[in-house]
Amino acid sequence: MNLKKPGSSKPEPGSYQPVMPRNWWLQHRYFQIYMLREATVLPLLFFIGCLLYGLYCLSLGETQWQHWLAFMAQPWVVLLNLLAFSASLFHAKTFFELFPRVMPLAPPGLMIAGQWLATLLVATGLVLLLGGWL
Amino acid sequence: MNNTTQPKRSDEPVWWALFSAGGVCFAVVVPGAILALALLPAFGGISADNLSYPRISALLHDALWGLAGLAFIGSVICLPLFHAAHRIHHGLHDLKLGGGLLSKVLCYGSAAALSLLAIYLVS
Amino acid sequence: MSKTINIARYNPQTDSRPQLQAFQVESDNSTSVLDALLQVQQQDPSLGFRWSCRMAICGSCGVMVNGIPKLGCKTFLRDYPDELTVSALAHFNVEKDLIVDMQPFLTHLAAVKPYLINDDQSSQPHRQTPAQLAKYQQFANCINCGLCYSACPQFGLNPEFLGPAAITLAQRYNLDSRDAGKTARMPELNSKNGVWGCTFVGFCSEVCPKKVDPAAAVNQGKVASAGDFIISMFKP
């Protein structure tokens, strides 16, 4: 068999060797949604950054903690966290739908519903706890 | 054809396991955490009194002998960090910007360093 | 009615890259892309393409239709506007017009030993319960058309990646109760070009004409490979 090096610019006589462009994922919708799924980690990193900053402020004492609360209320921070929230829900949708295909333990519909229920329960628990209702 | 030499076993199971665990946390725990710590306080759904220094300090350090705080840090910071590192590492390969040893060390290395920082800050 | 079909033509002796050439074809409700290509061949006998069965079982008429991998015989002009573009399967070397070199695909298939491996020499039939059959049956429907390879960006980026069909076939035999060859297949699957080359884009399963769901097979293969990884840690 004639093994050719992929990606060489000049095609060897006998065949045309296609090269994938860097922007291949813009070529159609399915790949765009894939890249969007992969990119959900970028706003996630922003939220994690906020939390690390919060832990740092907490370790410094009460004044710094007040400073962090004020930081978290700034419009641009709220906006990016709103984006992180949407990203987490989009990630959840894709992740929950893929899970039954990777580990088919129960009917897919049941597994997807169960996972959303878990998200809802955890969210309710955290809101009740931090909101002082628990 | 050469099938005499076996290909080398990949260490990817380790990173994939961390990625998957982080993916579950990102989907199940993170939405609630953003809601309770960022969005509801900003929009007035959770009052500042409930996020006071003594209360949060106590929740993080003392609740369930500190285990609640560690579980929270693990599921909202550490594991999601490894999830993000994995997606960025493979995303760089998708964009033909790397995906080799350098991006692997940088991605998982930062995830590990930031995780240790988070654990240090609560201990 | 008449439709325009743009075909990516490539003659290895004169062209450096494929060029689109437009043809007019007559189309009714039952005209497939393969029918249209056969019409074009009447106008220009130099057009090269592969086909055989016309009923989506031989797997030889795979082409890109408007950039999406399709079987020519299972894709109908009625589902497209007045104009469509047909080119050779993506990620493979083009030999002429719509004919690609499938050798890398065949090499990857052979690498996973896609046949029953069993030392049992008895002449008795190998019985299998319906439940044992159901474990692998969906993954056994592959017709080796290669559409999933053209749909897979990871194969496009790294031609060494074993790819959807080969890993699915490995999984199909690993799950077969009559087979004892899993240990022989796992080293290929455990490598970086095995199951770990996949990022679950999932487009392979979208384009599969037989609804095999190769993406599910590959990712179930990751679970199997992770299990194999853990077992290997406890072995000397």
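Me: How many helices and strands does the secondary structure of chain B come to?
Reply: Chain B has 5 helices and 0 strands, where helices are DSSP runs of H or I with at least four residues and strands are runs of E with at least two, numbered from the N terminus. This is a predicted model, where local features need pLDDT of at least 70, side-chain atom pairs count only at pLDDT 80 or more, and totals for chains, interfaces and linings use all residues. Residues are numbered from 1 along each chain as its sequence is written, while chains are lettered from A and ligands numbered from 1 in the order in which they are written.

Me: What makes chain B more spread out than a compact globule?
Reply: Its radius of gyration is 19 Å, well over the 14 Å that the globule rule gives for 123 residues, so chain B counts as more spread out. The radius is taken over C-alpha atoms, and the rule is 2.2 Å times the number of residues to the power 0.38. Those C-alpha atoms fill a box of roughly 70 × 30 × 20 Å along the principal axes.

Me: Why is H4(B) called roughly antiparallel to H5(B)?
Reply: Helix H4 (residues 67-94) of chain B and helix H5 (residues 101-122) of chain B pack at about 170°, axes 9 Å apart. Axes are lines fitted to C-alpha atoms, for helices over the stretch in contact, and angles run from 0 to 180 degrees between N-to-C directions. Angles under 35 degrees count as roughly parallel, over 145 as roughly antiparallel, 65 to 115 as roughly perpendicular and the rest as oblique, so H4(B) is roughly antiparallel to H5(B).
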